[in-house]
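Dear colleague,

Please find below the structure that I am handing over to you.

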Amino acid sequence: SQDFITTSRQHWIVIFDAQQQGNLPSMLIDSSSGRPSTIATGGTVSGSSSVIRVETISNGGLLSSFITPPVLDEGKLYMSRISSFNGVLWSDFTTSHNSISPSKSAPSPPRDVLVKVLSDTELGVSWKAPLFNGGASIAGYKIVWGDNDDMVPASQLFFLLGNLNPEESLVSVTACSSRGFSDPTLAKPLCLMELIESISI
C-alpha cells in the first residue's frame with residue numbers, strides 16, 4: 001500500500017496469501033541509506049525513535065521438497081535439476097552436486113500424531129500416514145504408552161487407550177513395513193493444538 005501512517009506507536013500486520021502470491025522466504029527493509037536488512041532504526045527511517053522490524057510468523061506456501069513418481073529403477077544413479085518461475089520467466093537450472101540411487105528403506109515417521117483426553121482413564125490417539133513408505137506398503141502402526149505397546153493394521157489411524165494411570169503420560173506412534181520400523185513420533189496434546197490455532201487466527 002502507498003498510504004503511510006504517520007502517527008506514533010503504530011503496528012502493521014502484513015499477511016500474504018501463499019496460494020496466490022507464492023513463497024516469501026525473507027523480507028528486507030530498504031531505507032535507501034544502505035544495504036537492505038531485517039531491521040531499521042532511527043537515522044535510517046523517518047520519524048522520532050522509529051524502529052522497523054521484520055519477523056516471519058509462518059513460511060510461505062511453495063513446496064520446498066518433491067516426491068518423484070514410483071518409476072525410478074532401483075540401483076540406477078540419478079541427479080536432480082530445479083529451476084524457479086516468477087510468473088514471467090524461468091531461471092536457469094541448478095543441478096545437484098551428487099547422484100543418488102533409489103533403494104527400499106524403512107518408512108518415515110507418522111505425521112500429525114495427536115492425543116486427546118476422553119475421560120479420567122482414557123486417551124484417544126490419532127495420526128496420519130507417513131509421507132514416505134520407503135518403497136514398501138505400510139503394514140501397521142505400533143503405539144507405545146508408558147511400559148505398554150500395541151500393534152494396529154495400516155487401515156487404522158485411531159487408537160483408544162484405556163485403564164490408564166497418571167504415570168502413563170507419553171504416547172508415541174511408529175510406522176512399520178517389510179523394510180523395518182520408522183522413528184517414533186511423540187503425540188502432541190490436542191487441547192494444546194486447539195489453543196495454538198485459536199491464537200494464530
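This is a predicted model: local features need pLDDT of at least 70, side-chain atom pairs count only at pLDDT 80 or more; totals for chains, interfaces and linings use all residues.

Residues are numbered from 1 along each chain as its sequence is written, and side-chain values use heavy atoms, with hydrogens and water left out.

The protein chain holds two helices and 13 strands; helices (H or I, at least four residues) and strands (E, at least two) are DSSP runs, numbered from the N terminus. Of its 201 residues, 18% are buried, where buried means under 20% relative accessible area, exposed over 50%, and partly exposed in between (1.4 Å probe, protein chains only).

The largest nonpolar core has 16 residues. Such a core is a set of buried Ala, Val, Leu, Ile, Met, Phe, Trp, Tyr and Cys residues joined through side-chain atoms within 4.5 Å. Val 125, Trp 127, Ile 143, Leu 161 and Val 171 touch the most other members. Two or more residues each come from E5, strand E6 (123-128), strand E7 (138-145), strand E9 (158-161) and strand E10 (171-177). With neighbours within four places in sequence left aside, the contacts (heavy atoms within 4.5 Å) of Val 171 include Leu 123, Val 125, Ile 143 and Leu 161.

Strand E10 also contains Ser 177, which is buried at a relative accessible area of 11%. Not counting residues up to four places away in sequence, Ser 177 touches Pro 107, Asn 133, Ala 136, Ser 137, Ile 138 and Ala 139.

Asp 112 lies in strand E5 (residues 111-117). Its phi is near 50 degrees, a positive value in a residue other than glycine. Asp 112 counts as partly exposed, at 46% relative accessibility.

Finally, the second largest pocket is lined by 37 residues, and Phe 66, Ile 67, Thr 68, Pro 69 and Leu 72 lie nearest its centre. Strand E3 (81-82) and strand E4 (94-95) are the elements that give two or more residues to this lining. On a 1 Å grid over the protein atoms alone, a pocket is an open set of points where a 1.4 Å probe fits, with protein on both sides within 12 Å along at least five of seven lines; lining residues have an atom within 4 Å of a point.

Yours sincerely
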